[in-house]
Amino acid sequence: MAEYESIHGTRVRYLTSNPTLDSSTEGQVWYNSTTGSNKALVQIKAWSSSGNTTIGGYGTAGAGTQTAGLIFGRQGQPVTGSPVSGATEEYNGFSWSEQNDLNTARRYAAGFGTQTAAVASGGNSTAKTADSEEYNGTSWTEGNNLNTARQGAGAAGILTAGLVFGGSDPSPANTAVTETYDGTSYSEVNDLNAARRFAGGCGTQTAALAFGGIDPGPSTVANNESWDGTNWTAVSNLNTSKRSVGSAGTQTHALAFGGHTPSSYSNTAEEWDGSSWTTSSANMSTARGYLAGAGTASAAFGATGYVQGTPAPGRTMTEEYNSSFNPGSGPAVWISIATAPTGLRFGMGAGTTEAFLGATSYTMPSNKVLEYDGTNWANGGSMGTARYAPAGCGGSQTAAWFCGGSDANNSTSPQAVMTEEYNGSSWSPSGNLNTARLAGSASAGPQTAGLAFSGGIAGPDRTAATEEYNGSSWTNGGNLSQKRSNTGGGGTQTSAVCAGGQLPPTQTVTEEYNGSSWTSGGAVPVARLSYISSAVNSDNAIIAGGEPPQFQVETFYYNGTAWADTATDLAAGKGGTSAAGIGSGGMMASGGGSPGGSEATSTELVTSYPGGSVAASTLTTS
């Protein structure tokens, strides 16, 4: 029998612990002397069938996640002689349930947002339309129209910070027009470099991808462009030219699946790692195009779609894609940016890497607000109520929410239940929290779908309470398994993560929220509190710094299974709690406590996560 060395040219490595697990480790074998077992890295990528949609069709738009998805609009029957549909369905990871229809039935709409806060933009009803509607988890409401009517556009972002690009309009046949959406109206920004329709799209309003589509030729293309919030830049193309693909993921880790090649419908998928596309080893069971897709590149769904030779009633299939680990593109790096003009101590932040930070001082309540435009800091509109150690914050620089807090004595006060909303210039009061929160809460979500969880309440007590915000009022959600404060966390209202914190003692517990309840996740490597933290969702999170001892620099990534210490460290220790603005895999760390007890003004930015190596599956062979 051949030995491992004669086959691979090297001996099995003898290690006291598992190596850093990333895509370069796949297929390697080693002996772990601590556990006394041989190990090998197995990367699992697979498509699996799930519950059929209630209504079949194609040309459907998608939003949300693999466990809280949304699809809307479609061509319900063959094009000849049959109308389009406004059908809307919600997905819980297993089955679909029909909801209220769009006000304007359509196919080929651009879709973005979450299951409870989504946008249907453009499409084709009886003709190409500029019509736009918003979904609140129950029904659709007419909103302001696109500036350019179109069908087959790509999209990215959330309800309060969306991006729509490309598509076809009445004249010419294809467009490169890009528009941003702020939750109220659309604004035209810089065009795509290559005009096209039926391109795939994912990411956020300031960090998106546009891939594939049909050019004015018309020819199916592999073009891929990256959006930085201002300009589109051509980057590495898809391996196979495709149009009408399903899309999922972020600017640094994306998935393109299904679609139509120049010659036929496809069942293949490609993963983007931030620099290039790799054809996945897993294929969909059914080749199809013009399908709805959403989720992350590690956990996506594809639903409905045009299947050659299959009658419309059969176009109800749903498939889920799961990958055992995120490949990343190398360890993320913290970089120093402009110093904040005011020292921030117990601040919180929101937005993208163009962020706002609600600041408080170390010694007294404050209503100070700072805004960062990607280059410089400026003062924003002051909050209506000064706070010390606020409890929760989320949204964007032009549509934010801020809740809870305390007076200078860190005692229960009117601030503890107050919520305020920011429109980019001024604050207005909104509905009160049900649970008074003094400090140390974690939070997630946009202005219309926020989440507040954990935190300090009266005296030394903590809370396990979770509350959901709809833009005007708070309702109780599922409780955490234990009370704690000063946790790290973030994500969305239907996919959030809560890590570490303090009972006391300081904890390593991680929990994940699915929109109704919390479940246990992988433990944080080091017990800490007062992290800088944010998350795209429960499968893509970051925490940095924290204490004790004061103040740390380590950064940890979470992939939905485990935390890994694989990024560069902060240049300066921070904690207690620094504010963070989140993007599609990016976070800003500004202010907070610094060694010596002063209020920090230094600001650092990490532009992508998860980076490089994250925890992956291993197979014990003996």
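User: What makes Tyr108 and Tyr290 count as buried or exposed here?

Analyst: Both Tyr108 and Tyr290 are buried, which means that each has under 20% relative accessible area, where over 50% would be exposed and anything in between partly exposed (1.4 Å probe, protein chains only). This is a predicted model, in which local features need pLDDT of at least 70 and side-chain atom pairs count only at pLDDT 80 or more, whereas totals for chains, interfaces and linings use all residues. Residues are numbered from 1 along each chain as its sequence is written, and side-chain values use heavy atoms, with hydrogens and water left out.

User: Why is the pair of Tyr108 and Tyr290 called tilted?

Analyst: Rings of Phe, Tyr and Trp (for Trp, its six-membered ring) pair if their centres lie within 6.5 Å, and planes under 30 degrees apart count as stacked, over 60 as edge-to-face and the rest as tilted. By this rule there are 26 aromatic pairs. For Tyr108 and Tyr290, the centres are 5.7 Å apart and the planes make 50 degrees, so the distance meets the pairing limit and the angle falls into the remaining class, tilted. The pair links distant parts of the chain, 182 residues apart, with Tyr108 in the loop between strand 8 (96–99) and strand 9, and Tyr290 in the loop between strand 24 and strand 25 (292–295); strands are DSSP runs of E, at least two residues in length, numbered from the N terminus.

User: What class does the pair of Trp401 and Trp474 belong to, and which parts of the chain does this pair tie together?

Analyst: Here the ring centres are 5.5 Å apart and the planes stand at 75 degrees, so the pair is edge-to-face. Trp401 lies in strand 34 (residues 399–403) and Trp474 in strand 40 (residues 474–476), so parts 73 residues apart in sequence are tied together. Trp401 has a relative accessible area of 0% and is therefore buried, and Trp474, at 6%, also counts as buried.

User: How do you know whether Gly380 is buried or exposed?

Analyst: Its relative accessible area is 19%, so Gly380 counts as buried. Gly380 is found in the loop between strand 32 (377–379) and strand 33 (392–396). Not counting residues up to four places away in sequence, Gly380 touches Val369, Leu370, Glu371 and Tyr422, where contact means heavy atoms within 4.5 Å.

User: What makes a set of residues a nonpolar core, and which residues touch the most other members of the largest one?

Analyst: A nonpolar core is a set of buried Ala, Val, Leu, Ile, Met, Phe, Trp, Tyr and Cys residues joined through side-chain atoms within 4.5 Å. The largest has 13 residues, of which Ala110, Phe112, Val119, Leu146, Val164, Tyr181 and Tyr186 touch the most other members. Strand 9 (110–114) and strand 10 (117–121) are the elements that give two or more residues to this core. Apart from it lies another core, of 11 residues, among them Leu255, Ala282, Leu291 and Tyr321.

Methods. Helix = DSSP H or I, 4+ residues; strand = E, 2+ residues; numbered from the N terminus.
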